[in-house]
Amino acid sequence: MTKDTIKHRFEERYSRQILFSGIGAEGQKRLAAGRVAVVGCGATGSAIASLLARAGVGTLRIIDRDYVEPSNLQRQSLFDESDAAESLPKAIAAAQKIATFNSEIITEARVDDVTPQNINVLLDNAHVILDGTDNYETRYLLNDYAVKNSIPWVYSAAVGSYGVTMNVLPGSTACLACIFPESPRGIVETCETSGILNTAVNVVASIAASETIKLLIGEPAITSLRKTLWSFDVWTNEHAEIAAERRRADCRACGERDFVHLAGEGRPHITMCGRNSVQIHERARPIDFAEMQRRLGSQGTVRHNEFVLKFWREPYEMTLFPDGRAIIKGTTDTGVARSLYARYVGS
Ligand SMILES: [Zn+2]
């Protein structure tokens with residue numbers, strides 16, 4: 001393809017955005033040069049990644065530790081029934097789906113859990129970090145990383161019919177710890193306990209993606225960035241905005257620069273999203289799936305593909321990843337999960 005043809009195709013694909021005066025031809029080029037990390041690719045992460053991919057953000061890194069299940073399909077817009085049937089890791093399924101509607105951008109899939117140990121590698125080079133997580137432990141970790149390295153990030157959360165989002169611009173606006181020194185009450189309910197409406201997810205994702213586009217374009221779009229904690233309930237229509245343009249001088253993270261979450265080591269096993277499951281944070285145990293399938297065959301039902309191995313032994317279900325990480329469903333007891341792991345995978 002000649003240079004002119006490539007240019008023409010680019011201008012054609014993004015013509016409606018280029019026509020929009022806030023973006024224009026120059027803004028579209030800046031989006032193409034943009035690198036965004038989406039941490040967590042459930043409902044919010046799917047919607048954000050989908051919007052940014054279609055908008056032409058040049059490089060999307062999608063990081064997710066989980067796999068697709070049928071109960072995800074109601075709201076996680078990048079996945080379909082075959083992804084759930086295959087238990088595909090969400091990061092892989094998302095990258096495959098994005099490639100079907102925008103093959104001209106780079107989508108990097110990372111099947112991993114963001115931890116203090118690997119955050120520098122996973123978020124390396126990102127211009128903006130997007131929050132698609134479902135827990136405050138990871139959000140405070142992202143906040144520490146972003147504040148320490150002066151990288152903007154967009155906090156987003158949705159549960160029930162309610163969604164909330166805030167831009168964190170290190171050195172300028174309040175950070176997550178300025179507003180919520182501790183995990184906020186009221187929104188620590190999970191999608192398992194309170195359910196979730198896909199419409200609440202999409203409202204928040206749309207706003208977060210719009211703010212990311214402004215951030216990537218820079219001047220003059222950046223002057224339109226929202227400097228509030230914004231929330232909306234699509235059921236009751238309640239709406240609130242809390243000022244967040246100023247940092248709190250005594251904030252642990254952006255004031256005292258005490259990055260406790262980043263320094264966290266040896267974190268305990270995490271009980272995931274109220275789903276009656278425990279994650280085993282093993283990562284230096286390469287697993288040969290074919291060999292494991294043979295070994296576990298007499299112990300229960302087992303099947304695998306290139307990305308995951310699933311093993312069922314009533315009442316438990318274990319999903320094993322190639323680096324040795326596992327999600328064990330059917331218990332919230334970390335001791336039980338650890339002993340199942342030791343018995344079937346290794347101690
Ligand atoms: Zn702060």
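The model is predicted, so local features need pLDDT of at least 70 and side-chain atom pairs count only at pLDDT 80 or more, while totals for chains, interfaces and linings use all residues. Residues are numbered from 1 along each chain as its sequence is written, and side-chain values use heavy atoms, with hydrogens and water left out.

Arg252 is located in the loop between S8 and H12; helices (H or I, at least four residues) and strands (E, at least two) are DSSP runs, numbered from the N terminus. A polar atom of the Arg252 side chain lies 2.8 Å from the backbone oxygen of Asp258. With a relative accessibility of 18%, Arg252 counts as buried (buried is under 20% relative accessible area, exposed over 50%, partly exposed in between, with a 1.4 Å probe and protein chains only).

The zinc ion is coordinated at 2.3 Å by the SG atoms of Cys175, Cys178, Cys251 and Cys254. Donors are N, O and S atoms within 2.8 Å of the metal (3.2 Å for Na, K and Ca), and sites may look incomplete because water is not among the atoms. The donor residues follow the spacing C-x2-C-x72-C-x2-C. Cys175, in the loop between strand S6 (162–168) and helix H9 (176–179), and Cys254, in the loop between strand S8 (239–243) and helix H12 (260–263), are 79 residues apart. Both Cys175 and Cys254 are buried. Cys251 is buried at 0% relative accessibility.

By the rule that a side-chain nitrogen of Lys or Arg lies within 4 Å of a carboxyl oxygen of Asp or Glu, the count comes to 16 salt bridges. One of them joins Arg9 and Glu104, with the closest N and O atoms 2.5 Å apart. Arg9 lies in helix H1 (residues 3–13) and Glu104 in the loop between helix H6 (90–101) and strand S3 (106–111), 95 residues apart. Arg9, Arg13 and Glu104 are linked in a network of salt bridges. A salt bridge also connects Glu69 with Lys329, at 2.4 Å between the closest N and O atoms. Glu69 is buried, with a relative accessible area of 7%, whereas Lys329 is partly exposed at 23%.

Conventions
Polar contact = N/O pair within 3.5 Å; in protein donor to acceptor, adjacent residues only side chain to side chain.
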